[in-house]
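Colleague: Could you take me through one part of this model in some detail? I'd like to hear about the pocket and the charged pairs, starting with whichever pair you like.

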Amino acid sequence: MTTAPAHRDRRLGGSGRLAGVDLARGLAVLGMFAAHLLVIDAFDPWQPSTWVDVVNGRSSILFATVAGISIALMTATPGTAGTRPASGAALSVARRRLAVRAAIIWAIGMLLNATGVPVYVILQAYGILFLLALPLVGLSARTLWTIAAAIALVAPWLLPVLDGALAAAGPVGGDLVLLLGWHYPFPLWAAFMIAGIAAARSDLRATRTVVALVAVGVCCAVAAGAASAVTSFPPDSYLGLVLSDAAHSGGLLEAVGSGGFALAVIGLCLLVCRLPVASSVLLPIRAVGSMPLTAYVGQILVWAAWASLALGDVGDLSGFRALQPFWPFVVVTVVFCTAWALLLGRGPLERALALATRLAVPA
């Protein structure tokens, strides 16, 4: 006889789904809600009320890293949990479907920007990152880890130059920032996505992989924090920009520290979800993580409607935050995603996206 928890898990996504990955993705989505909707003071280890500042920057980097895991799963041989890339015609189909998915996600991002909601929409950058993944999905885990590390160490030295070029381009540069989702600059953020692919190819079912993610991630975060404490350059200087650890700065210490944080969180989530009781208790957050596109798009659309009705100005960020929308958003999102996952399985936008890719690229 099938037990209720096992039945719920199958409804949530099937036997091939990694519960810990869904949990990490759900935490990333809710963390972005907090970054968008809360007024957060700068982190002070002696003031617990400021600890929520950990979501700034890190949530979106965690989101991008887990996206890499999703790409690995989508382009893998069935039944291998992402460890072995598909080959031949199957890999060709997977790559073409990934390209279609990239185009649709990019277009959704542009439509969300048109709502006027004052957030930096991440989906345009996602679309570009998916395209960058196309030639990489057939590579080995070791090669992917090497590429991710090289990008994380090199890209921060280039970003100040690229940022300056976009600023000097005037209105054209502004348009490019919007089209490229440059608040999440793909030359650097490719490192996080590739690290996610590498993690999946390393076998996220293996204990040694999960423990290594936690250990290496913690070491990177601690090392970046220590380096930040002893490094002092004017914030607007070239070295200050390159070595910054500030959220969304694109600095080297942010890349290493927040990238390590993302790997550690993924590893911890995988460990926690090995306990059946914990996996069941955390099912509502896993449900959010099983339909991130639905949750993310829903947040922006509801925000636009609520702010328009309550304030008459969708772009009034401080006014909207004053309405204290965070907990209503969290509760409604968790309840909706949990009910949908248990009753219907895959999220509505995820289902539509999968259908569109299958229609565009038949097997």
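**A close look at the charged pairs and the pocket**

Modeller: Let's start with Arg25 and Asp22, both of which are buried. Keep in mind that this is a predicted model. Arg25 and Asp22 are joined by a salt bridge, with 2.7 Å between the closest N and O atoms. The two sit three residues apart in helix H2, so about one helical turn separates them.

The count of salt bridges comes to two, and Asp203 with Arg205 make a salt bridge as well, at 3.1 Å from N to O. Arg205 has 45% relative accessibility, so it counts as partly exposed; the buried class is for residues under 20%, and the exposed class for those over 50%.

The largest pocket has a volume of about 1,400 Å³. Its lining takes in 45 residues, and the closest to the centre are Ser70, Leu73, Met74, Arg101 and Arg346. Helix H2 (19-37) turns up here again, as one of the elements that give two or more residues to the lining. The others are helix H3 (58-74), helix H4 (88-113), helix H5 (123-133), helix H13 (283-290), helix H14 (292-310) and helix H17 (348-360). H4 gives the largest share of that lining, with seven residues.

Conventions
Residues are numbered from 1 along each chain as its sequence is written. This is a predicted model: local features need pLDDT of at least 70, side-chain atom pairs count only at pLDDT 80 or more; totals for chains, interfaces and linings use all residues. Side-chain values use heavy atoms; hydrogens and water are left out. On a 1 Å grid over the protein atoms alone, a cavity is a set of points where a 1.4 Å probe fits but cannot get out, and a pocket is an open set with protein on both sides within 12 Å along at least five of seven lines; lining residues have an atom within 4 Å of a point. Grid points are joined across faces, edges and corners, and a volume is the space filled by probe spheres set on the points. Helices (H or I, at least four residues) and strands (E, at least two) are DSSP runs, numbered from the N terminus. A salt bridge is a side-chain nitrogen of Lys or Arg within 4 Å of a carboxyl oxygen of Asp or Glu. Buried means under 20% relative accessible area, exposed over 50%, partly exposed in between (1.4 Å probe, protein chains only).
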